[in-house]
Amino acid sequence: MHAISPEALTKALSDAQPPLVLDVRRAAARTKSGRQITGAVWRDPALWLDWKDEIAQRAPVVLYCAHGQEISQALTTALQVLGARAVFLDGGFAAWEAGGGTCEPLQPTA
């Protein structure tokens with residue numbers, strides 16, 4: 001399982017082909033924060049079986065949860081088993097915000 005630092009993600013987002021950034025925070029945590037990483041797409045982690053195949057076909061993918069622990073790590077592992085080039089954001093959304101990463105108000109869910 002691999003992690004990406006907030007600094008490395010900032011750099012990757014400026015690449016010609018930036019990664020898909022996937023917000024996998026629980027709905028309550030997401031709503032409470034009111035913000036997301038700029039350009040991120042939210043997927044309900046409880047429904048991962050419904051969206052795993054779509055995401056596994058995309059590369060690369062960076063997943064983040066609130067603190068970069070259980071949810072994002074478990075889903076990263078599952079997507080890697082399916083063949084995805086997936087990593088999780090080390091420290092999650094908390095580390096991203098603390099490091100001054102760009103955020104935006106929550107976007108409508110898919």
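Which residues does tryptophan 51 touch, not counting residues up to four places away in sequence? In this predicted model, where local features need pLDDT of at least 70, side-chain atom pairs count only at pLDDT 80 or more, and totals for chains, interfaces and linings use all residues, the list for Trp51 runs to Leu22, Val24, Arg43, Asp44, Pro45, Leu75 and Leu79. Contact here means heavy atoms within 4.5 Å. Residues are numbered from 1 along each chain as its sequence is written, and side-chain values use heavy atoms, with hydrogens and water left out.

Of its 14 residues, Leu22, Val24, Trp51, Ile55, Val61, Leu63 and Leu79 touch the most other members. Strand S2 (20-23), H3, S5 and H4 each give two or more residues to this core; helices (H or I, at least four residues) and strands (E, at least two) are DSSP runs, numbered from the N terminus. Apart from it lies another core of 12 residues, including Ile4, Val87, Leu89 and Trp96.

Now for helix H4. Ile71, Ser72, Leu75, Thr76, Ala78 and Leu79 are buried there, buried being under 20% relative accessible area, exposed over 50% and partly exposed in between (1.4 Å probe, protein chains only). They sit on the same side of H4, because they cover an arc of only 165° around the axis, taken from the directions from the helix axis to the C-beta atoms. Glu70 and Val81, on the other side, are exposed. Helix H3 (48-56), strand S5 (61-64) and strand S6 (86-89) are among what covers the buried residues of H4.

Key. A nonpolar core is a set of buried Ala, Val, Leu, Ile, Met, Phe, Trp, Tyr and Cys residues joined through side-chain atoms within 4.5 Å.
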